[in-house]
Amino acid sequence: MLHFCENSEQFKIGNRSLVSIYKEMVDTGLLEDEEDNFVVYSEQQVIENVNAYRTAFSKFGTDQRNLFGLSYAMKANYNTNLLKLLINSGVDHVTTVSGNELKIAEKFSEKLNGFVFNGTGKKLSELRKAQRVSKVTGKPVYINIDSEFDYDRIKLAIEDYENVKIMIRYNPDVTQMPNIHPYVATALANSKFGMNRTSCVAILKKMVDEGVKCSGIHTHLGSTISEISLFEQAVAAIKLLLGDCEEIGVDLHNFVVNIGGGLGIDYKRWIKNNVDEAPRTTYCTVEDLVEATSPLVALAKTNQMKLIFEPGRSLVGNTAVLCAKVIGTKQSSSGKHFLVSDISMNECIRPCLYSAYHHVAILSANRQNSPTNNFDVVGPVCESADFVGKSIPLSLTMDLQPSPVLIGVFDVGAYCGSMASNYNLRLRPIELMVSMDGKLDVIGQKESLTNVLSRFE
Ligand SMILES: Cc1ncc(COP(=O)(O)O)c(C=O)c1O
């Protein structure tokens, strides 16, 4: 959990200030170069995020373990130490979108109740991998049919449906997705994902005719959703499709309704007194999301159905901060201020990919009596798109010597590390976790140049 201590002006994870973590890393040689960037996670925050789902489920009675599943969408962050912690904390399924993700998830099968495999273009080899995982682990692998051709390919690759469960990916064609960047909306009429109700019904009929069992419905609206009405619309749409299923003769006993994640986190909650970037007031919570599915609960209980949520961002997004020493500041001829550090689009691509906001703050002292200027916070990558923040008001003196000035980019637990690249031959950073007792554990080594170059040998 990242705390901002107003009195001491320190950012802390548990009882460890980020500055003390940086100093320990420099002193112990964990940080190869003291200007290197690094990522720090909070174990406590990960556990709290999983508990938030479990607590919300428990409102539906003691049989919630049978009624609800929690499937972590590992595309958000595939750090295997994080994955292990999530599973030990109560995540019971893993959602995957590639054969390689399935391969990693398989390693944790003992503690899981099953896997979900999604994708608009699943290769035959990946479908066969799903078949193997279901056989070796004895746990269900739910494969979502994304299109007519996907259904044909699933039939081609899958020989044994004992533990491979086929679901249908329903795109409810939500007409508007307010406050959501089009690149992370997946349930609009022109989104590439899933099928509309008519196409789903056509496939469901085909499945009945061909004797292929449909085991569930999947839907995923998009990511960074803050309005509960969108989930309510999805649930209403799923109810209609469940009605279609009954009419067609699909057996709903032990059926699964799989609701893809999408719950946003409030990236702007750190902002105080900034008119241009005011924090939003309406942010639906995990509880709201679980509550939104209540119209399905009675039907689910009658048919021993399972409601599987598959969040990514809301489980891990707020668990990590990306830090580095400020390398320097400069001003353009037009007066624009730049803050340059080792944090770049390599490690945090969301701002330049879809104008996402990540909060940036100076973590260390050196702020007293410093003037506040609006900085573009940029990295060393040779692209003008290389920024993690635009016009961020920061109090910083231009004289950066002798004490190190640290900056942090917050909420980088989701879609930062997993989208990181080696562009400009930059190496992925070391990742650490502050444990519940304040210890610093390395959970991801800094990448080596030898590893990156090994594929060219
Ligand atoms: C099919 C599917 N399920 C779950 C997720 C997780 O979404 P989020 O990280 O927004 O919770 C995604 C991500 O876009 C997805 O594509």
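This is a predicted model: local features need pLDDT of at least 70, side-chain atom pairs count only at pLDDT 80 or more; totals for chains, interfaces and linings use all residues.
Biologist: Switching topic: how many residues surround the ligand?

Modeller: The ligand has 17 residues around it, and the closest are A73, S223, G260, G261 and G312.

Biologist: What about the classes in that shell?

Modeller: Five nonpolar, nine polar and three charged residues make up the shell around the ligand.

Biologist: OK, helices now. At what angle do α2 and α4 pack?

Modeller: Helix α2 is residues 43–58 and helix α4 is residues 80–89; they pack at about 45 degrees, with axes 9 Å apart. That angle makes α2 oblique to α4.

Biologist: Is the crossing of α2 and α4 left-handed or right-handed?

Modeller: Right-handed.

Biologist: Which residues meet there, then?

Modeller: From α2 you get E43, V46, I47 and V50, and they meet L82, L85, L86 and S89 of α4. Sorted by class, the α2 and α4 contact has six nonpolar residues, one polar and one charged.

Biologist: Next pair. How do α5 and α6 cross?

Modeller: Helix α5 (residues 99–106) and helix α6 (residues 124–137) cross at roughly 15 degrees, and their axes come within 9 Å. So α5 is roughly parallel to α6. The α5 and α6 crossing is left-handed.

Biologist: Which residues of α5 and α6 meet?

Modeller: In α5 it's G99, L102, K103 and E106, while α6 brings S125, E126, K129, A130, V133 and T137. The classes in this α5 and α6 contact are three nonpolar, three polar and four charged.

Biologist: One more pair: what about α8 and α9?

Modeller: The axes of helix α8 (residues 197–210) and helix α9 (residues 228–248) come within 10 Å and cross at roughly 30 degrees.

Biologist: Why do α8 and α9 count as roughly parallel?

Modeller: Because angles under 35 degrees count as roughly parallel, α8 and α9 are roughly parallel to each other. As for handedness, α8 passes α9 in a right-handed crossing.

Biologist: And the residues in the α8 and α9 contact, which are they?

Modeller: On α8 they are R197, C200, V201, L204, K205 and V208; on α9, L240, L241, D244, C245 and I248. That contact of α8 with α9 divides into eight nonpolar, no polar and three charged residues.

Note on methods. Residues are numbered from 1 along each chain as its sequence is written. A residue is near a molecule or strand if its C-beta atom, placed from the backbone, lies within 6 Å of it. Ala, Val, Leu, Ile, Met, Phe, Trp, Tyr, Cys and Pro count as nonpolar, Asp, Glu, Lys and Arg as charged, and the others, Gly among them, as polar. Axes are lines fitted to C-alpha atoms, for helices over the stretch in contact, and angles run from 0 to 180 degrees between N-to-C directions. Helices (H or I, at least four residues) and strands (E, at least two) are DSSP runs, numbered from the N terminus. Angles under 35 degrees count as roughly parallel, over 145 as roughly antiparallel, 65 to 115 as roughly perpendicular and the rest as oblique. A crossing is left-handed if the near helix is turned anticlockwise from the far one by less than a right angle, and right-handed if clockwise. Two residues are in contact if their C-beta atoms, placed from the backbone, lie within 7 Å.
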